[in-house]
Amino acid sequence: MTDPSELHPFTTLLDLDLDLGALTPVRGEVTERRLADMRGMYQREPADPERLVYQVLPIEVPATNANILCSTTLLHPGQVGDEFHMTKGHFHEVRDRGEFYLGIAGEGRLVMATEDGRSVVEPMRRGTLNYIPGGWAHRSVNVGDEPLVFLAAYIGDAGHDYGTIEDRGFPVLVVHGSGGPAVVDNPRYRSR
Ligand code: M6P
Ligand code: ZN
């Protein structure tokens with residue numbers, strides 16, 4: 001689409017279902033991620049690959065830099081070994097594209113990392129606004145007992161680079177420690 005005014009304005013009422021932790025309605029195709037879709041990302045190989053970890057509910061518009069893409073992520077509570085349920089995590093293919101997350105329900109951590117190995121871990125909960133600058137990979141982690149739900153918005157042509165994270169991992173992990181969620185170094189991280 002060359003003329004962005006060809007896209008008709010619309011309003012989506014985000015209706016928070018407290019039982020499901022889900023936002024409806026959805027405009028577009030829901031992505032479901034199971035443990036089987038995340039092979040090698042957890043330190044321990046899971047025994048139940050069919051377990052549903054998260055769903056991404058999009059508000060679809062054309063993926064160009066004229067638009068802002070939005071999606072709601074519903075990340076179910078749970079662990080694989082010591083590690084809490086998490087998203088795959090990605091850099092943007094167009095590295096300088098930024099993003100923000102608005103926390104809606106649950107308790108989480110947002111793990112961010114640069115390609116030269118710097119990392120930052122920020123809290124996520126209802127009402128938090130996490131700003132992810134360009135050049136920072138991002139992965140969300142559910143450290144609570146309820147679904148972690150957040151709205152994401154990013155520049156439409158950003159794209160998802162999963163391969164770099166699949167090859168190298170994140171520098172840190174979020175694990176269930178004796179005093180609650182703990183951030184520890186990832187022994188399998190491959191620095192450059
Ligand atoms: C957020 C956004 C989406 C992303 C989703 C799940 O909603 O960042 O772009 O797809 O989280 O994360 P991932 O794609 O890393 O699995
Ligand atoms: Zn992103």
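Start at the second largest pocket of this predicted model, where about 180 Å³ of space lies. To find the pocket, select Gly 40, Ile 165, Glu 166, Gly 169 and Arg 188, which lie nearest its centre. Coloured by class, the lining of the second largest pocket shows five nonpolar, four polar and six charged residues.

Next, go to the largest pocket, with a volume of about 450 Å³. Its lining is made of 26 residues. Select Val 56, Ser 71, Tyr 154, His 160 and Tyr 162 to reach the part of the lining nearest the centre of the largest pocket. Now show the strands. Strand 3 (31–34), strand 4, strand 5, strand 9, strand 13 (137–142) and strand 14 each contribute at least two residues to the lining of the largest pocket. By class, this lining divides into eleven nonpolar, nine polar and six charged residues.

Where does ligand 1 sit? Ligand 1 is in the largest pocket, the one with His 160 and Tyr 162 among the residues nearest its centre. Select the shell around ligand 1, which has 16 residues. Tyr 54, Thr 73, Glu 99, His 160 and Tyr 162 are the closest of them.

Colour the shell by strand. Strand 4 (52–59), strand 5 (68–75), strand 9 (99–105) and strand 14 (148–155) each supply at least two shell residues. Strand 14 gives the largest share, with three residues. Coloured by class, the shell around ligand 1 has seven nonpolar, six polar and three charged residues.

Last, show side chains and look at the oxygen atoms of ligand 1. Which distances separate them from the polar side-chain atoms of Tyr 101, His 160 and Tyr 162? For Tyr 101, a polar side-chain atom is 2.9 Å from an oxygen atom of the ligand. For His 160, the distance from such an atom to a ligand oxygen is 2.7 Å. For Tyr 162, the corresponding distance is 2.5 Å. To end the tour, show the surface: of the 370 Å² of accessible area that ligand 1 has on its own, the protein covers 97%.

Technical notes:
Residues are numbered from 1 along each chain as its sequence is written. Chains are lettered from A and ligands numbered from 1 in the order in which they are written. This is a predicted model: local features need pLDDT of at least 70, side-chain atom pairs count only at pLDDT 80 or more; totals for chains, interfaces and linings use all residues. Side-chain values use heavy atoms; hydrogens and water are left out. A residue is near a molecule or strand if one of its heavy atoms lies within 4 Å of it. A polar contact is a pair of N or O atoms within 3.5 Å; within protein, one must be able to donate a hydrogen and the other to accept it, and residues adjacent in sequence count only if both atoms are side-chain atoms. Accessible areas come from the Shrake-Rupley method with a 1.4 Å probe; for residues, only the protein chains shown count as cover. On a 1 Å grid over the protein atoms alone, a cavity is a set of points where a 1.4 Å probe fits but cannot get out, and a pocket is an open set with protein on both sides within 12 Å along at least five of seven lines; lining residues have an atom within 4 Å of a point. A molecule sits in a cavity or pocket if more than half of its atoms lie within 2 Å of its grid points. Helices (H or I, at least four residues) and strands (E, at least two) are DSSP runs, numbered from the N terminus. Ala, Val, Leu, Ile, Met, Phe, Trp, Tyr, Cys and Pro count as nonpolar, Asp, Glu, Lys and Arg as charged, and the others, Gly among them, as polar. Grid points are joined across faces, edges and corners, and a volume is the space filled by probe spheres set on the points.
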